[in-house]
Amino acid sequence: MNATIPGNTLSSLDEGVHMRRAAILSLSVFTLLVSLPRPAAAVPAFARKYGVRCTVCHEAWPVLNDFGRAFRDNGYRMNLGKDEPSVTDPAYWPVYVLAEPHFGFDLVKSHTGAGDTTLQKNGQFQTGLAVLGAIGTLGDHASYLVIPVAGINGLTLGFPTAEFRLNNLFDSSWLNVRLGNTEPDLPVSRVRDLDVTGAGLNAYGYHTPGSVSGFDMGGNQLGVEFMGHSRGSRTRYSVSVFNVTGSPEKNTNFNTPGVYGHATHKFMLTRGPLTGVEVGGFASYTSWPIGLPAATGSTTAAAALTDRKASTKYGGEVHGWFGSDALPVHAILTLLQGRDDRALFPGGVRDGVFNGGFLEVIANPILPLVVYGRFDFVRNRDQALPTRPQDFNDQTTYSVGIKHTFEFTTRAEYGLVVNYSLNQTKQGAQDGSDLSHHSLWAGIMFAF
Amino acid sequence: MKPLTLLAAVATTTALLAHISSSNGVASAAQGPTGTARIVVKVVLSGPAPPAVKVQTSADPYCAKVHQADPLFSQTVQVGTDGALIDSLVFVKDGVSGTYAAPKTPVTLDQKGCVYIPHVIGMMAGQPLEILNSDPTLHNIHPLPVVNAGFNIGMPVQGMKQTRVFQKPEPVFHVKCDVHSWMSAYVATFAHPFFGVSNKQGTVELTNLPAGTFQIQAWHEKYGVQVQSVSLSAGETKQITFTYKG
Amino acid sequence: MSSKLTKRLSVGSALCVVMWTLPASAADEPPSPRRGADVYRRYCITCHGERGDGAGEFAPYTTPKPRDFRQGTFKWRSTPSGSLPLVSDLERTIRDGVYWTVMPSFFPLNERVRRDVIAYIQTFSPRWTSDQPGMPLQIPPEPAHTPDSVAKGRAVYEKQNCAQCHGDRGAGDGPAAKTLTDDWGNPTVPFDLTKGYMKGGTTGADLYRVFMTGLNGTPMPSFVESIAPGEAWDLVHYIQSLSASQRAHSNQQVKP
């Protein structure tokens, strides 16, 4: 499900109008995000199949630990002769359900020198029901994932997350091919994000204000991924080639190509309080057609659409795990820089450049309890439009949360989640004042 | 420290160390007493003897051949004349203390004709058990002790022999052959020599007992455990009978 | 603050950070049963149970049953029949998993995690304090995997009478196959040697260990008294040839 982050503009309309639109759109999207469950957060079907409980694969549900990541990289397989449908208990169904009934509260305020204005304030109970997903193994070298995202009233929004993966080609863990509509291999996955308010990870989808590019690095992309890993997934690489989701109507196929790459290596330490360090780098290069969409059949306008301009993001990540291996404190620092070509900005005088990233800390002091916090920022470095102040649409997000699991079994898991986030956008309101969006999520997460 | 005091300290320590290392690891317990008293134990099954159960040995062609002419009957309940209950283990459960040296002569457990001979063994902890395969077929010797370390050794060759030792005293434990599921034996290891297995007449003689009061226990594979108390003066002989109901 | 003080403070705090993250000494920390308990609760408890008795929540739904740690009886060892395993044997089992069972390969985890959980598992059985593991088996280097070796291995298979349980072609259908039980009284079957991967490990050395040390707690005996070391590798080659799978022939460790 692609989210439009506040600050991401849609078209080159009158500034005031589109800012208002942006504010309203982002608010609605936020509300929607708040009410929809995340697709592939955790898969209890695997717990049932292998007789493990969620903690085996998830460091802090839904964040994956080393074991879970290796399992996923293997194509959702343990590779011990018990994976194929032909040897699995016939009563086993590779389907699972995630439900998240909760109370959601949103407060949006704008701040000027004169004072604060409340733009929106609402709280409501949401059923957050239900994601039905199917993930599993088809055979020795193939696995699949299908998650139709169902919204409220049974509406299906967006293209379902779906993939077909060929695993361990040529009996090597270094070549796996995934075809489908899925999230790229991100430093911190958005679908397995601990934050449930939908805040943060802003840098993934951010573009310097005024850019027409709609590429969201953190959203599903339709394409092919080549992925490889060492035994145990200590070293991993991923290269995705895709057509950018959300590209404007087109006459020619694949008019919005993109490529994303990511490589990481984890060092295991056996002495001292630091138990692991992981370093990685990633980059995306996507193009976006400029000009207005063509009418069907028109060849002249179609030519205009082949004029694609580049939007790039590049950055690195460092992870550290402290304390007990089984109950770690996990810190993640990700920094990136994004650059959109000048031509992507109607009226732009230079490339738009921003810096962004986040620092996340996840603590798991006892098995049922997870405490996490994240500081997320986007700071514009070069605004492309000359009239904009440098910090126009800079964003800062704070998110804290606590999760307590009531019961772990090999069949289901359920727990209480409370998450608070604050997103501050410089000059994000329609009148140019700063915007702050408080969000509270309190409810139960249930997975079967 | 004065040289003389130092010397005295060193000498004392050395003597102490020598004493500790010379004792055989068991805290200096006294040698267990023996005497000339005896208990003659008779084990009897009252009521009619259950019918002998024939054992199917067709799974192994050799065993089938051996028992074609001479059928194999279950060793679980063996009754002699006048209700004599055979292969019942009888031993002193309480009343003796002290250490008794384990004999060096081994007890032999033979795998012959696809049965264990003998079926029930009493032996001393630390006494060698010589295991023999007299059959030209594979047997695996698989005791299942809880206190002692067990083992499971394949003995495919006729005439193969191996010697094992159970170091610790342990109540009755099972010995099986996985290849031939009907094969079954029982072993108990004791810290003292006052035990025996009832013979074809159903009798066991517990000899060389010192004077004292003893708890005598009888164990049978199917009929369970019984205990009797016996008091002996020096050199006395007493007779007791354990009667199991069928 | 004076620049000198600032400098000193920065150097000092940098040093503190470095020293805090550096090991206290060159040696590895001793394994910790306390940390191992956390590991056990996270990864092991659903099969092996809270008391280490192999009666976890998932145990009724799987065959073979998860290991009961309370007797100190372990299948996959390099020590003699009846003996405790070496810690390295347990490490190998946890690291590589057991093929054809639900015991996963925990290779992705830090090796310290495995050492700690082994220290915790040892607390389930008093045998670890009263007994010592026996001398591990010495495995001679593997000779060439030739058809001649395979033929010799067949002769060993016949002499040792493996067919009694494993069947003439190794399919686990021998005459004694139907009546086997493990130490806990659960019915069990002889391994089907034609399946390709072996359970205790996929290399020839793993297979060598299986029949030379036996599998404690199961009907599988040790044949160390009746197989000469020279013959043992021939038997390994023969058993590997029983499987149609290409993978069984390779001595490369195929890692899950």
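Leaving aside neighbours within four places in sequence, S198(B) is in contact (heavy atoms within 4.5 Å) with V43(B), L85(B), I86(B), D87(B), S88(B), T203(B) and V204(B). This is a predicted model, in which local features need pLDDT of at least 70 and side-chain atom pairs count only at pLDDT 80 or more, while totals for chains, interfaces and linings use all residues. Residues are numbered from 1 along each chain as its sequence is written, chains are lettered from A in the order in which they are written, and side-chain values use heavy atoms, with hydrogens and water left out.

S198(B) sits in the loop that joins strand 12 (195-197) to strand 13 (203-209) of chain B; helices (H or I, at least four residues) and strands (E, at least two) are DSSP runs, numbered from the N terminus. Because its relative accessibility is 2%, S198(B) counts as buried, a word for residues under 20% relative accessible area, with a 1.4 Å probe and protein chains only. The side chain of S198(B) reaches the backbone oxygen of L85(B) at 2.8 Å.

We turn next to two helices. Helix 4 of chain A (residues 66-73) has 8 of its 8 residues buried, so this helix is largely enclosed by the rest of the structure. Among the buried residues are F67(A), A70(A) and F71(A), along with D66(A) and R69(A). At the start of this helix, a side-chain oxygen of N65(A) comes to within 3.1 Å of the backbone nitrogen of F67(A). After the helix comes G75(A), with a positive phi near 90°.

In chain C, helix 4 (residues 87-96) has D89(C), L90(C), E91(C), T93(C), I94(C) and D96(C) buried. These buried residues pack against helix 5 (111-121) and helix 6 (127-130) of chain C. Just after helix 4 of chain C, G97(C) takes a positive phi of about 75°.

What, finally, of the nonpolar cores? A nonpolar core is a set of buried Ala, Val, Leu, Ile, Met, Phe, Trp, Tyr and Cys residues joined through side-chain atoms within 4.5 Å. The largest has 134 residues, of which I141(B), Y40(C) and F211(C) touch the most other members. Helix 10 (residues 229-241) of chain C gives this core its largest share, 6 residues. At least three residues come from each of domain 1 (33-130) and domain 2 (147-250) of chain C, with domain bounds taken from an automatic or database domain assignment. A second, separate core of 31 residues includes L89(B), V92(B), F190(B) and I216(B).

Conventions:
Buried < 20%, exposed > 50% of the residue type's maximum accessible area, 1.4 Å probe, protein only. Polar contact = N/O pair within 3.5 Å; in protein donor to acceptor, adjacent residues only side chain to side chain.
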